[in-house]
Amino acid sequence: MKAKLGMSPIAWWNDDLPELSDDVSLEECLRQSRGAGFTGMEQGRRFPSNPEEMLPILRAADVTLCGGWFSGTLVNEELTANKDRIAPMIELFKAVNAPCIVYGEVGRSIQGDRSKPLATKPRLADDEMKAYARRVTEFGEWCAEQGMPLSYHHHMAAVVETEPELDAFMRSSGEGIPLLLDAGHLAFAGGDVLRAIDHHHARINHVHVKDIRKSVVDGLDRSRQSFLDAVALGAFTVPGDGSLDFGAIVQRLADHGYEGWFVVEAEQDPRKAPPQKMAEIGHAELMRVMTAAGYTVETEGFPKG
């Protein structure tokens with residue numbers, strides 16, 4: 001089985017918490033990640049928005065674009081508005097041969113609002129979840145028809161956060177909207193990562209290997225503290241530096257035949273957790289557990305020729 005290892009630039013630049021950002025260029029971010037062994041990078045705010053600028057940067061860094069976040073609003077806005085906003089991103093991602101666009105629901109979400117405690121996250125009634133799931137499926141089918149598949153990201157402080165919410169969303173949605181399995185977000189929400197893989201492996205097309213510090217997560221006062229408070233306190237980290245058993249997680253994905261990207265997404269304070277050092281720790285741990293699970297990790301970055 002083949003796998004690819006990528007990173008998210010959120011370890012270097014945090015869009016929601018600017019104080020948790022390292023003052024490094026895009027080129028330096030890519031150099032550090034590639035130096036640690038990663039062959040892909042998800043899109044971040046310092047990436048150019050057209051292929052004419054992006055491709056030479058990726059080629060020089062010897063990395064590929066392995067995904068990127070789209071802030072979807074299908075829970076409270078029409079398909080048309082979301083189609084209009086994602087259309088330029090689809091064309092860019094096609095031009096640079098990215099594997100997918102990560103759909104993150106921000107409608108009604110409190111993930112970016114530090115004044116909203118975790119306990120106040122939005123919740124959908126059964127009929128609302130069913131209607132929402134059908135709408136996201138339709139959107140995913142449309143994006144695939146345009147030439148770029150989506151990957152649905154369940155997320156803390158959003159309408160699909162917990163394992164029961166993920167199960168409900170998956171029951172009412174269709175194959176037209178594949179799933180991004182994020183180990184860290186699901187564990188933070190109290191879910192069972194291995195059980196979620198067993199239940200939904202057929203729809204998983206992208207994986208975020210995000211770790212958590214269980215002591216930080218367990219110590220949160222969810223009636224007072226927000227998702228961003230948790231991030232600032234160090235709730236997340238890279239595999240090999242946290243509490244999750246990525247040997248078991250990666251093995252379970254291998255058991256179900258998953259092949260594709262494993263992306264480290266670990267927002268932290270770069271002064272306390274230097275991104276290059278964290279990248280090296282994460283890469284070493286992933287290579288260890290992926291080799292044990294029988295994966296061949298591809299080492300080619302930007303395609304030659």
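Predicted model: local features only at pLDDT ≥ 70, side-chain atom pairs only at ≥ 80, totals over all residues.
**Entry 1: helix α7.** I looked up which residues of α7, residues 193–200, are buried. They are V193, A196, I197 and H200. I then checked how they sit around the helix axis, and they cover an arc of only 100 degrees, which means that they lie on the same side of α7.

**Entry 2: the cover over α7.** I asked what covers the buried residues of α7. The cover includes the helices α5 (163–172), α6 (183–188) and α10 (246–255). It also includes the strands β7 (179–182) and β8 (204–208).

**Entry 3: the start of α7.** Here I looked at D192. One of its side-chain oxygens comes to within 3.1 Å of the backbone nitrogen of L194.

**Entry 4: strand β7.** Are its faces covered or open? Both are covered. L179 and L181 are buried on one side, and L180 and D182 are buried on the other.

**Entry 5: neighbours of β7.** I went through the strand pairings next. With β6, residues 150–153, β7 pairs in the parallel sense over 2 bridges. H153 is the residue opposite L180 of β7. With β8, β7 also runs parallel, and 4 bridges join the two. In that pairing, L181 has V207 of β8 as its bridge partner.

Entry 6: Last, I looked up the handedness of the unit made by β6, α5 and β7. This β-α-β unit is right-handed.

How values were computed
Residues numbered from 1 in each chain as written. Heavy atoms only, no water. Buried < 20%, exposed > 50% of the residue type's maximum accessible area, 1.4 Å probe, protein only. Arc of directions from axis to C-beta. Contact = heavy atoms within 4.5 Å. Polar contact = N/O pair within 3.5 Å; in protein donor to acceptor, adjacent residues only side chain to side chain. Pairing = 2+ DSSP bridges. Right-handed = clockwise from strand over helix to strand, strands pointing away.
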